[in-house]
Structure formats: structure tokens, C-alpha cells
Amino acid sequence: MSVNNWLNKKVKEYNQEKIDLSILKDLILDLEISIPKKIISIVGTNGKGSTANLISKILKENSHSVGLYTSPHLINYNERIDINGINIDDKVLKEYFLKIEKKTITRKLNFYQILSLTAFKYFSDNKLDIWVLEAGLGGRLDPINCFNADLSIITNISLDHQEILGSDIDSIGKEKAGILRNNQKLIFGAKKIPESVIKIIDSLNVDLHKTDNQDLEEDFHLNKNSVKIAKKTIELIDPKISEKNIFNSIQNTKILGRCDLINNKFLVDVAHNEDAIKNLKSFIKSRSLDKDGIAAIFHCSKSKNPISLISPLNKLISEIRIPRIDNFRLQDEEYIKKSLSNNLGKKVFIDETIEKSIKKIRSQHPKCLILIFGSFYIAGEFYKLMLSKNV
């Protein structure tokens with residue numbers, strides 16, 4: 001059994017409840033996890049992964065050893081734990097996970113917490129300069145909040161995962177701002193800061209840096225907000241790194257699943273909330289990618305409303321195809337089809353696989369752009385297909 005399949009089985013064995021971080025902090029001491037010279041913690045509704053990857057790449061290419069922890073993954077769990085641009089090896093990942101699991105067997109941790117401790121121990125053993133840690137969800141109760149980061153980043157705050165984080169912006173903001181510490185530096189990447197976050201910033205005397213009013217002269221293919229935040233981060237963490245070096249690192253960065261345009265035939269994006277979909281739409285319009293038409297391959301998680309995700313792109317898309325994917329977190333395909341057909345008046349089809357979806361589109365619309373979006377899982381299915389076949 002592959003390590004990826006082995007870990008997929010592990011996910012189902014564990015409860016998903018969050019526990020008090022004090023238990024994790026005790027375990028960090030027990031495991032003799034030592035912290036690096038600098039820690040950067042990243043939370044936010046959109047752009048966390050892009051921002052984390054950019055920061056890590058710039059630092060790595062400018063003489064820093066860097067551990068990067070992100071989630072979720074697209075193809076394999078290895079993607080989540082990275083040192084200097086190299087994913088953790090299968091054998092090493094299993095070895096570390098089992099070591100942590102054995103140590104925590106009486107603590108009733110969830111899978112994500114064990115995986116997080118696995119990353120922290122791996123980074124610690126490799127004695128790195130800097131850790132770049134992306135929160136999986138929220139911030140206050142996320143394992144990355146076990147550490148007092150030197151710099152915290154909030155990319156933006158909008159409605160997403162309301163069933164867990166709260167039903168309004170202030171509630172969600174409070175959860176994400178839970179990573180802040182006294183007199184800490186904070187980069188906030190959006191124009192408007194929720195009132196709940198402002199109160200926490202003031203109470204902790206946080207040194208706030210905003211990036212929303214920064215000009216970005218270069219036309220990078222990456223999310224502008226992520227680029228601005230990455231540049232500001234380097235300025236604060238290592239001001240000796242030149243503008244030219246920052247520019248070169250960003251220019252040469254490609255991040256899977258983030259407005260990933262492949263041979264002008266496919267556009268893959270993990271956008272799974274309304275704000276992210278709007279960013280995706282802007283990317284399409286700014287590059288006139290709809291000139292030959294767009295057909296979509298779509299899927300979304302059970303917690304999402306497919307109508308709200310498709311609506312901003314509805315006028316750009318000629319048809320929607322939903323491949324069947326065996327994943328307990330994803331919405332029922334029949335439900336998505338019925339919702340979109342009844343409410344958006346769009347042609348919607350269900351296919352047995354994503355490969356069949358692509359073949360159907362290509363046979364009917366050979367020149368159109370195929371847009372794959374709605375969740376990490378649908379993007380991951382496409383990349384798996386790319387690895388196995390020439391699509």
C-alpha cells in the first residue's frame with residue numbers, strides 16, 4: 001500500500017474534533033521539538049498557500065534553509081511537508097508519523113494534529129533557519145498556534161467554513177486573529193480589517209503592516225495580494241534580500257492549482273469560496289481567456305453551495321461537467337447537477353471520470369478552454385491524470 005493510501009485510511013480512523021492546544025504544547029516539549037531562528041504563521045480565507053509558497057521560495061533562493069508546512073495537498077500528503085523545495089520522502093513521512101502516533105496514543109488527537117506534529121519534529125531534526133506555517137482552518141485552535149511566531153500574516157478575511165468558524169466576518173476574524181501575540185509584527189493583506197481583529201491588534205499592541213495600498217508595477221501571473229504580502233514579509237524578515245532577487249524568485253514561481261494555465265488549454269484553480277471565484281474571474285477576463293469559449297469541470301465539498309460558486313462565472317461558461325469522485329468530503333454529483341440545472345439554466349452533465357469529462361468536451365469544443373475548479377480534490381484529480389497520461 002502506498003503511503004498516501006495508508007494515510008487516507010488513517011484519516012478515517014481518527015475523530016476530527018479539535019482539542020486544547022495545551023496538550024499539543026506539552027507534546028512539543030516531550031518530543032524535544034526545538035524552534036528555529038524565525039517562524040512565520042499564515043492564516044486567512046484565501047491565498048494562504050500561494051503566499052506561503054512564495055515566501056518560502058524567496059527565502060530558500062536567498063541563502064535561508066526553510067521548512068514549509070501547508071494544507072491541504074493536491075496529490076500526495078508529502079506536499080504538505082517541505083524543506084527547501086523538496087517534499088518529505090514517503091519512507092521518512094511514514095517513519096515520523098508512526099513515531100508521533102505512538103507517542104500520542106493516549107491523547108486522542110485528530111489526524112491533522114498528528115500530521116502537524118510530524119512536520120514540526122521533521123523540521124526540528126533538520127535544524128532549519130525559518131519555518132513557514134500555514135493554518136489549515138481558522139487559526140486560534142490550529143496546531144501552528146502552539147508557537148509564538150516572529151511574524152503573523154492574515155491574507156484576508158471573508159465568509160468561508162461558517163459551520164466551524166462562525167456565521168459572520170467578526171466571528172471568523174476573531175478565530176484567525178487568535179494567532180496574534182503581544183508586540184508581534186502582523187501583515188494584513190486586505191483593505192478592511194474586521195472590528196474583532198482591530199480590537200485584538202490594539203489589546204496586544206501589535207505592529208500592523210498593511211499591503212492593500214502598495215503599488216505592484218510588475219504584471220505577475222500569481223495572485224497580486226500574495227505577491228504584495230510576500231514582498232512585505234521579506235522586507236521585515238530579511239531586508240538584505242534585494243528587490244531584484246525578490247522579483248526573480250516570484251517571476252520563476254509556479255504554484256499548482258492557483259490560476260494554473262497549462263498550454264492555454266486548461267486552467268486549474270482550487271477556488272472554493274465566492275471571493276476566490278471572483279479572483280479567478282478577474283484572471284480569466286484580464287487575459288481574455290474566454291475568447292474561444294470555456295467549458296467547466298466542477299466539483300465541490302459538502303459544505304459548499306454549488307450555485308454560489310458557479311454564479312460569478314455563469315455567463316462565461318458554456319457547459320459544466322461533473323466527474324464522479326470517490327471522496328466522502330465531496331458533494332453528491334446528482335445534487336450538484338440538479339441545483340445548477342434548476343437555478344442557472346445551464347447544461348450540466350455527470351461523467352464517470354475526469355478523463356471522460358475532458359474527452360467529451362474536446363470532442364464537441366476542440367478549441368475551448370477547459371476550466372477545472374471548485375475544490376482541491378477536483379484539481380488533484382486532474383493533476384493525477386496529467387501524471388499518468390498525456391492530456
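Predicted model: local features only at pLDDT ≥ 70, side-chain atom pairs only at ≥ 80, totals over all residues.

User: How many salt bridges are found in the whole structure?
Analyst: The search finds 18. A salt bridge here is a side-chain nitrogen of Lys or Arg within 4 Å of a carboxyl oxygen of Asp or Glu.

User: Start with Lys121. Which residue does it form a salt bridge with?
Analyst: Lys121 pairs with Asp125, and their closest N and O atoms are 3.3 Å apart. The two sit 4 residues apart in helix H5 (residues 111–125), so about one helical turn separates them. Helices (H or I, at least four residues) and strands (E, at least two) are DSSP runs, numbered from the N terminus.

User: Is Lys121 buried or exposed?
Analyst: Lys121 counts as buried, at 11% relative accessibility, while Asp125 is partly exposed at 34%. Buried means under 20% relative accessible area, exposed over 50%, and partly exposed in between (1.4 Å probe, protein chains only).

User: And what does Lys232 pair with?
Analyst: Lys232 forms a salt bridge with Glu235, with the closest N and O atoms 3.1 Å apart. They are 3 residues apart in helix H9 (residues 224–237), again about one helical turn. Lys232 is buried at 11%, and Glu235 is partly exposed at 44%.

User: Where does Arg321 lie, and where is Asp351?
Analyst: Arg321 forms a salt bridge with Asp351, the closest N and O atoms being 2.7 Å apart. Arg321 is in strand S12 (residues 317–323) and Asp351 in strand S13 (residues 347–351), so the pair ties together parts 30 residues apart in sequence. Both residues are buried.

User: Which residues do salt bridges with shared partners join into one network?
Analyst: Arg324, Glu333, Glu334 and Glu352.

User: Change of topic. Where is Thr211 found?
Analyst: Thr211 is in the loop between strand S8 (207–210) and H9. Its relative accessible area is 0%, so Thr211 is buried.

User: What is Thr211 in contact with?
Analyst: Leaving aside neighbours within four places in sequence, Thr211 is in contact with Ile187, Phe188, Gly189, Asn225, Lys228, Ile229 and Lys232. Contact means heavy atoms within 4.5 Å. Lys232 is also the salt-bridge partner of Glu235.

Technical notes
Residues numbered from 1 in each chain as written. Heavy atoms only, no water.
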